[in-house]
Amino acid sequence: MNTKHCDAIVLGSGAAGLTAGIYLARANLKTLIVNEGSIGGQMVLTHAVANYPGVLETSGRDISLIMKKQAKDFGCDIESNVELTKFDLISKKKMIEIDDDEVFTSDVVILATGGKPRKLGAKNEDKFKGFGISYCATCDGDFYTDKDVIVVGGGNSALEEAVSLTKWVRSITIVHQFDNFQATDHAIKQAEKNDKISFILESEITEYLGERQVEGVKIQNQKTGETRELKTDGVFVYVGYIPNTDRFKDVIDLSEREEILTDKNMLTNINGVFAAGDVREKKIRQITTAVSDGTIAALNAIEYLQK
Amino acid sequence: MEHLTKETFQQKVFNYEANKDWKFEGDKPCIIDFYADWCGPCKQVAPVLEDLAKEYEGKVDIYKIDTEDQQELAAAFGIRSIPSILFCPKGDKPQMSMGALPKESFVTAIKDVLKVD
């Protein structure tokens, strides 16, 4: 089997992984970014990015393409749409195998594998996924032109994507399990002042109803336990993310929420293995904080390599 | 990669106006990508399909349907989420898959659903 050696391997190509790649390659280190999906990670699900400093309003996809170009221009190799079939993070010389036929070794690894949207866990969710249940407003909003939809969640993603959906839909009901939102004041105000948006708080969707497509939901009030049915054409789910750490759990220390634990230098419990972005334990998950993590991880990885 | 319209879809895949039950019109299995230009994850799928079109040339047809342009086709399949990928084997019912699949999943589906190695 063909084996190649790099100075650094970055797993994941969202904001954190690409930033780490930019810094590593720019330090003249032979760097490989390996990515099981495609470039951009969860950034590409974001319709409009208006708070990334230095860039006027753009899309998550456009930012990710620029980051990719920067990484490549500095000499980073990027392997996209491959499968990580084996890895060894514990040995001093790290090893990964992709697609069962290529092996790469390196002195450091940065884990930037991100997360995926959390499912709601309501009855019939798998049955209606794609048929009235969506996790991406920017992808699917157009299919709900002049329809009535529900957005589930109370964080920034839920409220901001609800506001962006008002371009298409007739009405939005935001269903949230608590009596207050976790989103920022700005996001809450934007949603509250929009005439198309109404709110059902302290309530959870327990079941999706319909034949071929979602036609309604069962909603349970968390305080009274009372359940009622609400007609809807679709449900957009924004209830947070699950970190992509399942395969690392035997070797990397994780939090209770299965996020990778790191120190302030982004170092994990294993020497030479760093973590960055949404995959690590932290409170704030933004493109800016992923970029920050990627920078810190890469610069500390460079220092580690120089020792 | 060929972009299908209602007319070419009916010739090459399924004439849903003439047939109530699924009847595949193609001479080899096919994959159809329902996409739109505004959809980031759809753009992730595009290069994967280009690779597959080369690797499976002569064995599998790969088509694209612009859901914005071909709203009737999207509605006929009840498309509410993109990318949606339709796998059409010869002699069996088609299967729809939602979301941007990694290449590995396409290869598995080509083998398992389309019965092509």
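Domain bounds in this report come from an automatic or database domain assignment. On that basis, chain A of this predicted model is divided into domain 1, which covers 3–116 + 242–306, and domain 2, which covers 133–237.

**Chain A as a whole**

Chain A holds 7 helices and 19 strands. Its radius of gyration is 21 Å, close to the 19 Å that the globule rule gives for 307 residues, so chain A is as compact as a globular protein of that length. Taken along the principal axes, the C-alpha atoms of chain A fill a box of roughly 60 × 40 × 35 Å.

**Two interfaces**

Chain A takes part in two interfaces that can be described in the same terms: one lies inside the chain, where domain 1 of chain A touches domain 2 of chain A, and the other is formed by chain A with chain B. The table sets out the values for each of them.

| Interface | Residues in contact | Buried area | Share on carbon and sulfur atoms |
|---|---|---|---|
| Domain 1 of chain A and domain 2 of chain A | 5 residues of domain 1 with 7 residues of domain 2 | about 440 Å² | 52% |
| Chain A and chain B | 23 residues of chain A with 18 residues of chain B | about 1900 Å² | 52% |

**Between the domains**

The centres of domain 1 of chain A and domain 2 of chain A, taken over C-alpha atoms, are separated by 32 Å. Between these two domains of chain A the count of salt bridges is 0, and the rule likewise finds 0 residue pairs in polar contact, where both residues must be at pLDDT 80 or more. Sorted by class, the side of domain 1 of chain A that touches domain 2 of chain A has 2 nonpolar and 3 polar residues, with no charged residues.

**Between the chains**

Notes:
Residues are numbered from 1 along each chain as its sequence is written. Chains are lettered from A and ligands numbered from 1 in the order in which they are written. This is a predicted model: local features need pLDDT of at least 70, side-chain atom pairs count only at pLDDT 80 or more; totals for chains, interfaces and linings use all residues. Side-chain values use heavy atoms; hydrogens and water are left out. Contact means heavy atoms within 4.5 Å. Buried area is the accessible area (1.4 Å probe) that two parts lose on being put together, summed over both. A salt bridge is a side-chain nitrogen of Lys or Arg within 4 Å of a carboxyl oxygen of Asp or Glu. A polar contact is a pair of N or O atoms within 3.5 Å; within protein, one must be able to donate a hydrogen and the other to accept it, and residues adjacent in sequence count only if both atoms are side-chain atoms. Ala, Val, Leu, Ile, Met, Phe, Trp, Tyr, Cys and Pro count as nonpolar, Asp, Glu, Lys and Arg as charged, and the others, Gly among them, as polar. Helices (H or I, at least four residues) and strands (E, at least two) are DSSP runs, numbered from the N terminus. The radius of gyration is taken over C-alpha atoms; the globule rule is 2.2 Å times the number of residues to the power 0.38.
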